[in-house]
Structure formats: C-alpha cells, structure tokens
Amino acid sequence: MKPNDQLFDRTLARRAFLTRALAASAASGAAAFNLHGADRALEKDAGADYLKEVEENERKARSKYARPTIGVGDKLKITKVETLFVKPRWLFLKIQTNAGITGLGEPIVEGRAKTVATAIEELTPYLIGKDPRPVAHHWQAMYRHAFYRGGPILTSAISGVDQALWDIKGKALGLPVYELLGGPTRTRVRAYAHAGTVERIQQRKSEGFTAFKTGPFKERPARIVENKAFIDKAARRFAELREAVGDECDIAIDFHGALSQQTARLLIKALEPFQPMFIEEPVNCQEVEVMADIARGTHLPIATGERIFTKWGFREILEKKAASILQPDLCHAGGITECRLIAGMAEAFYAAIAPHNPLGPISLAAGLNLAAAIPNFLCQEQSSLGVGYIKKPFQVHDGYIDIPTAPGLGIELDENALANKIDHDWRNRETYDVDDGSVVDW
C-alpha cells in the first residue's frame, strides 16, 4: 500500500463515526474511497460532493454518537429557566425541574440587569433537558464553550446558574450545600453592615452587628491630587465612627477604587491610628502592581475582589501579594463552584476570604454556604437579611448569622411579599466634577 493510502486510511479510522453513518452503503463507499489507479482522477471532481456528504454525516453523527454522557439525566431534568427583575436593583433566577425542585440564583451586574438576563437566555438552550446535578461539568461547559471567555456579563450569568444548580442538588439530596462541599467548618458566620454616619452605625450596632463598613467621607468626588483638607475630613469622620462604636467593634473602609494612588496612600496613613479592619480597593483593581506596593507600605490589611472574575483573575492578586483579604462576589466571580476554588488558592497564600455582597438574600445564602465550608473565612458582607423577600429572613446575634440548615441554599422565596417588588430599571449614577464637568468615578 502506498504511503498516501496509509495516511488516508488512518484518517478514516479517526473518523469512525463517519464509517458508521455510511455503513448502509459500505460496498459502494469502499469503491468511492479507493484512491488506486483510475479512481484517482475522479477525486477532484467528487471533492465538493464529498465535503457536503461529510458535513451532513458529521451533523448526524454528532447528535447520535457524540452527545455528552454527563449532564443528560433521565430522572431529573431542567425544564424551565426564568429571570425576575426584583427591586431595588436585583435579578433573581429560577431553574425548574421535572421533579418539582426549583433552584434559586442571583445573576446580576449592577446597572446591567437586562444585559445579564439576555445572557441567561443564551445559556438556556444548553441547560434545558440537562440533569442539573453535575454542577462542575455544567460550569465548564458554559464557560469554555464560549470562544470569548470571562468578563462581568458571562461570568455573572454563570454565577447565578451555578448557585441555582447547587440549590437543586442540595434539595435533591436533602442536604445544605456546605455539606456537599465538605463542611461545616463553623456553626455561624460573622457578617458586617454598611454605615456611613454616627447615627447609622449606632443603629446597626443595636441590631446586633459588631462589624461595619463605610466609605471615605467626601463632599465631592476626589480629584487626582487632593488637598490636605480632603484627607483631614475623611480621617476625622472615620474617627467619629470609631468613637461611636468603640474599639471592640471592627470598621472597614472602602475606597471603591476611585482614588488615585497618591491620595490613597495619604489617606491610609491618616487612618492607621484608628486601625480599620481593612482597606478595600485602595486603587482600581486593575492596578495590581500599585496595590501590591501600597500593601507593602502599610500594616493595615488590603482587600479587593468585587470586580475580579474567576480563579484566573485572582491568581495575580495572590502571586504579587496585592491583598491579604480576597472579596470574590459569588454573583460575579463564578458562583459557588469557582469561589470555593478561589478560597483554596487563597488558603495556600495565607489569605482570608470576605465575600463581597451588596445584593439580595439569594447571594447572601450562597455566601453563607461558602463561608461554612472553607477554613479561611473572615467576614460576610450583606445589605439585606431577606425581610420581604424570603420566608425565613436571616437574623443577626452578637455579630453572627447561624449557618442555614435547610437543604440546598436553605431559603425559599416569599412569593406574596415579592409581588409588589417585581420590575425595576436601576441605573448607575452619573457623576461629574463640580468644577469643570468632567466625568469622575462614582
């Protein structure tokens, strides 16, 4: 046999599914594929027809033989995927199954709810008919079957789906999600509240919180180079908050990545005597080298992560020691599946996890389940304990929330209470410099 014929035969062997599809005409096919002698002259003329035939056979074979063997269930299947716009600015996700089990998720990019809802619609054809239980497999498929991977929209959509699939899996097995992740590592989860004034922080303390987060006091958006008055006022306001709740409480401060590095460095130095719990996003999260340099220049912990996506985004933060506290958002960074991996990476660098969450109770429930399953948890952000949204809102006692004990994420939506909260058109603020009208970070 000639070398060219051997090569062609090997190609046929690799395309075994094509030979099966053409088995009905094996005899005539063998003659057509025989490239010896006079038949070689016919190859060029038959090329176009052959390619069409191959394309059609591949299409048939792909559906018949190459169907994924994981995630195609007979007893438990996804039947419906639904998104709900929920006030004040949230997007809830429901994934329903033929067994009557509904999974909840919270896929959202603040100010881009409609865009993420469309991304969920684009994922729906993949999800319908699948067994929801192989969660990690579905994560890989949704992420890697997109040629353009990552980014806030796709990863947030996947995050919400991932939460809902874990919720279904836990409910199907009758276990909380953290039990499926190897937990619990703790019985309760410390949470912090937002407070920007003395009155507000005292109120939140009376509600049971012992940890809080604020932002720098500012009468206007910060300039690229700020004056001494700006720094002094911001430090004085933080000192007032510290005095209002005492030294036993923890107060973090979030710069929102909206300060220039020179202003951030000055403000951090001014805040050091009052020992903030951490400095969040001292500069834009894309300035990893600058953040790492800032971290080396202060004894205060640096935190970041709310606008970083997947394990690949957090790798550079850890490698360059830009932060000792990571704040992955379970609605943005890849859901429970990915944030569990991020927590494992952080543990190897002796970094702590403080999940970001300025969103709703589904996000909080996901965060509590993650916190209950990892050893390096610090504190959980929250903006809603679920009153008016879920049947059994979370409660804070002595600064902590008990871990959920019900299956899945451990919550149920209160459909009656939700009825008057459906639909919103929340938009990000538009901020401009008061002196010259230029665009500034909010």
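**Notes on the predicted model**

1. Strands β4 and β5 pair in the parallel sense, over two bridges.

2. Which other strands does β4 join, and in what sense do they run? With β11 (residues 380-381) there are two bridges, and the strands run parallel. Ala191 has Gln380 of β11 as its bridge partner. With β12 there are three bridges, and here the strands run antiparallel. Arg188 is bridged to Asp402 in β12.

3. Strand β4 itself spans residues 188-194 and is mostly covered, with five of its seven residues buried.

4. Now to the open spaces. The largest pocket holds about 1400 Å³ of space. Its lining is made by 39 residues, and those nearest the centre are Arg89, His256, Glu306, Asn428 and Trp442. The elements giving two or more residues to this lining are α7 (152-173) and β5 (211-214), so do look again at β5, the strand that pairs with β4. Sorted by class, the lining of the largest pocket has 14 nonpolar, 12 polar and 13 charged residues.

5. The second largest pocket has a volume of about 530 Å³. Lys392, Ala406, Gly410, Ile411 and Glu412 are the closest to its centre, out of 24 lining residues. At least two lining residues come from each of β2 (90-97), β3 (102-105) and β12 (400-402). By class, this second lining has 10 nonpolar, seven polar and seven charged residues.

6. Please have a look at Lys87, which sits in the loop between β1 (78-86) and β2. Is Lys87 buried, exposed or partly exposed? Its relative accessibility is 38%, so Lys87 counts as partly exposed. Leaving aside neighbours within four places in sequence, Lys87 is in contact with Tyr389, Asn420, Lys421, Ile422, Asp423 and His424. The C-alpha atoms of Lys87 and Asp425 are separated by 8.7 Å, although these residues are 338 apart along the chain.

7. A point on backbone geometry follows. Most peptide bonds are trans, and most residues other than glycine have a negative phi. The bond from Lys87 to Pro88 is cis, with omega near 10°, and Pro88 lies in the loop between β1 and β2. A cis peptide bond also joins Gly183 and Pro184, where omega is about 5°. Pro184 is placed in the loop between α8 (177-180) and β4.

8. Lys321 has a positive phi, near 55°, and belongs to the loop between α13 and β9 (325-326). Lys321 counts as exposed because its relative accessible area is 57%, over the 50% cut-off. Tyr350 also has a positive phi, near 60°. Tyr350 is found in the loop between α14 (335-348) and β10 (352-353), and with a relative accessible area of 78% this residue is exposed.

9. Finally, a lysine in a helix: Lys311 lies in α13 (residues 310-319). Why does Lys311 count as buried? Buried means under 20% relative accessible area, and Lys311 comes in at 17%. Beyond its neighbours within four places in sequence, Lys311 is in contact with Glu338, Leu341, Ile342 and Met345.

Note on methods: Residues are numbered from 1 along each chain as its sequence is written. This is a predicted model: local features need pLDDT of at least 70, side-chain atom pairs count only at pLDDT 80 or more; totals for chains, interfaces and linings use all residues. Side-chain values use heavy atoms; hydrogens and water are left out. On a 1 Å grid over the protein atoms alone, a cavity is a set of points where a 1.4 Å probe fits but cannot get out, and a pocket is an open set with protein on both sides within 12 Å along at least five of seven lines; lining residues have an atom within 4 Å of a point. Grid points are joined across faces, edges and corners, and a volume is the space filled by probe spheres set on the points. Helices (H or I, at least four residues) and strands (E, at least two) are DSSP runs, numbered from the N terminus. Ala, Val, Leu, Ile, Met, Phe, Trp, Tyr, Cys and Pro count as nonpolar, Asp, Glu, Lys and Arg as charged, and the others, Gly among them, as polar. Buried means under 20% relative accessible area, exposed over 50%, partly exposed in between (1.4 Å probe, protein chains only). Contact means heavy atoms within 4.5 Å. Two strands pair if DSSP finds at least two bridges between them.
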